[in-house]
Amino acid sequence: MTQKLAIIMRGLPGSGKSHWVEQFVANLPLEEAIRVRQGGIFSTDSFFYEGEEYRFDAKKLSEYHQRNLTAFIHALSSAQPIVICDNTNLCRWEYMAYEAAAKALDYQVRIVLVGEPLDRAHQQLCAERNRHGVPLNQIRRMAAQFEAF
């Protein structure tokens, strides 16, 4: 039996987490890549899309985080071979439940940090390239919350 793998992404908005996920999946065998794309990638941001338009609503953040975690756990319990949480996960408490659920269901857990959240040049780059228009001052506030592994 192949090892089941749960990947938990960490990094600022615009750091390249989703790009890392895209590259990782693109390098999988075709059938596995299709399976991961169809039911193995979980991002709270996905709940904020209305069609092609991203509409962040802070009032829904807690609900959407819970829905994302529930979907992630469902994929684990369905024995999806590769399950990925593509959230910022800057603080340990933000990804603890993902990690605990994966370990409880015998998944190998890989935590991937993209970029260096405390580096000011990296923060500037993230502010310039993030998909959701998160400004530099917000990026810096988020970076200040970062907890190392």
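Histidine 122 is found in helix α5, where helices are DSSP runs of H or I with at least four residues and strands are runs of E with at least two, both numbered from the N terminus. This histidine 122 is buried, with a relative accessible area of 11%; buried means under 20% relative accessible area, exposed over 50% and partly exposed in between, for a 1.4 Å probe and protein chains only. Not counting residues up to four places away in sequence, histidine 122 touches Leu12, Ser15, Val114, Gly115, Glu116 and Pro117, contact being defined as heavy atoms within 4.5 Å. The model is a predicted one, in which local features need pLDDT of at least 70 and side-chain atom pairs count only at pLDDT 80 or more, while totals for chains, interfaces and linings use all residues. Residues are numbered from 1 along each chain as its sequence is written, and side-chain values use heavy atoms, with hydrogens and water left out.

Two packed helices are described by the angle between their axes and the distance between the axes. Helix α5 (residues 120-129) packs with helix α6 (residues 136-144) at an angle of about 130°, their axes being 9 Å apart; axes are lines fitted to C-alpha atoms, for helices over the stretch in contact, and angles run from 0 to 180 degrees between N-to-C directions. The helices α5 and α6 are therefore oblique to each other, given that angles under 35 degrees count as roughly parallel, over 145 as roughly antiparallel, 65 to 115 as roughly perpendicular and the rest as oblique. From α5, Arg120, Gln123, Gln124, Cys126 and Ala127 meet Leu136, Ile139, Arg140 and Ala143 of α6. The residues of this contact of α5 with α6 divide into five nonpolar, two polar and two charged, where Ala, Val, Leu, Ile, Met, Phe, Trp, Tyr, Cys and Pro count as nonpolar, Asp, Glu, Lys and Arg as charged, and the others, Gly among them, as polar.

On the α3 side, His65, Asn68, Leu69, Phe72, Ile73 and Leu76 meet Ala97, Tyr98, Ala101 and Ala102 in α4, and by class the contact of α3 with α4 has eight nonpolar, two polar and no charged residues.

The structure also holds eight aromatic pairs; rings of Phe, Tyr and Trp (its six-membered ring) pair if their centres lie within 6.5 Å, and planes under 30 degrees apart count as stacked, over 60 as edge-to-face and the rest as tilted. The rings of phenylalanine 42 and phenylalanine 72 have centres 6.0 Å apart and planes at 85°, so this pair is edge-to-face. Because phenylalanine 42 lies in strand β2 (residues 41-42) and phenylalanine 72 in helix α3 (residues 61-77), the pair ties together parts that are 30 residues apart in sequence. Phenylalanine 42 is buried at a relative accessible area of 11%, and phenylalanine 72 counts as buried at 0% relative accessibility.

Alanine 79, found in the loop between α3 and β5 (82-85), has a positive phi of about 60° although it is not a glycine. Aspartate 106, in the loop between α4 (92-104) and β6 (108-113), likewise is not a glycine and has a positive phi of about 65°. At 40% relative accessibility alanine 79 counts as partly exposed, whereas aspartate 106, at 60%, counts as exposed.
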